[in-house]
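Hi,

Here is the structure I promised to pass on. Please have a look at it first, and then read my notes below.

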Amino acid sequence: MLIAIFIFLICILILSMSIELNIKSSNDTIKIDAKIGLIRFVIPHQRLIKKALEKEKLKTNYEKQEDIKKLFKNRQYLNRLFKHSSLSMFYMARFTSDELYLNPIINGAYLILSNQINSYFMHHFKMVDTSNIRLVYDELYENIDYFLSVKTDLISILTAIIIRN
């Protein structure tokens with residue numbers, strides 16, 4: 001009986017393990033790191049992207065068209081995963097550090113784009129920490145183009161997979 005309770009508690013602990021994904025862009029270089037539980041590691045996405053591009057060069061135009069169709073059909077899985085995740089941080093750099101009224105066209109385009117992204121996040125994520133969404137120039141993020149931090153847990157990922165199937 002005690003072993004069953006112990007196994008049950010271990011399963012709950014494993015399923016509730018938090019997963020955090022951080023995406024940061026600086027000078028057109030994307031860095032992706034993840035944290036699962038207490039372990040933080042960098043995802044080697046450059047090699048993955050390089051291999052994917054090499055595979056794409058070998059495909060015919062028909063296969064590329066089919067891949068695009070599959071991408072639009074299978075985006076429901078990503079949206080379901082977003083519904084079970086929370087957005088903890090989003091920062092998008094402005095083009096200029098000047099006030100909005102000094103460069104109205106550039107900053108107007110920035111505001112339109114940032115509000116569209118903000119509304120997408122509000123609609124697709126389970127919870128959005130609006131106090132950490134910064135759409136203004138911030139000196140702490142001076143060299144960063146954008147920063148995105150998403151938190152989820154293992155049970156949410158499994159729920160999204162099960163609902164999809």
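Phe121 is buried, at a relative accessible area of 9%, where buried means under 20%, exposed over 50% and partly exposed in between, with a 1.4 Å probe and protein chains only. This is a predicted model, in which local features need pLDDT of at least 70 and side-chain atom pairs count only at pLDDT 80 or more, while totals for chains, interfaces and linings use all residues. Residues are numbered from 1 along each chain as its sequence is written, and side-chain values use heavy atoms, leaving out hydrogens and water.

Now to the rings. Those of Phe, Tyr and Trp (its six-membered ring) pair if their centres lie within 6.5 Å; planes under 30 degrees apart count as stacked, over 60 as edge-to-face and the rest as tilted. The count by this rule is four aromatic pairs. One of them is stacked, because the ring centres of Phe82 and Phe125 lie 4.7 Å apart with their planes at 25°. That pair links distant parts of the chain, 43 residues apart: Phe82 belongs to helix H4 (residues 75-83), and Phe125 to the loop between helix H5 (104-124) and strand S5 (127-128). Helices (H or I, at least four residues) and strands (E, at least two) are DSSP runs, numbered from the N terminus.

Phe121 and Phe125 are edge-to-face, since their ring centres are 5.6 Å apart and their planes at 70°. Phe125 is buried too, at 6% relative accessibility. Together, Phe82, Phe90, Tyr120, Phe121 and Phe125 make up one aromatic cluster.

For the overall picture, the protein has six helices and seven strands, in the order α-β-β-β-α-α-α-β-α-β-β-β-α along the sequence. Of its 165 residues, 25% count as buried.

A nonpolar patch of about 940 Å² includes Ile3, Phe6, Ile14, Met17 and Phe41. Such patches take residues with over 30% relative accessible area and no salt bridge, joining nonpolar side chains (Val, Leu, Ile, Met, Phe, Trp, Tyr) within 5 Å and like charges within 9 Å; a salt bridge is a side-chain nitrogen of Lys or Arg within 4 Å of a carboxyl oxygen of Asp or Glu. Helix H1 gives the patch its largest share, six residues. Ile14 sits in H1 and is partly exposed, at 42% relative accessibility.

Best wishes

Terms used
Accessible areas come from the Shrake-Rupley method with a 1.4 Å probe; for residues, only the protein chains shown count as cover.
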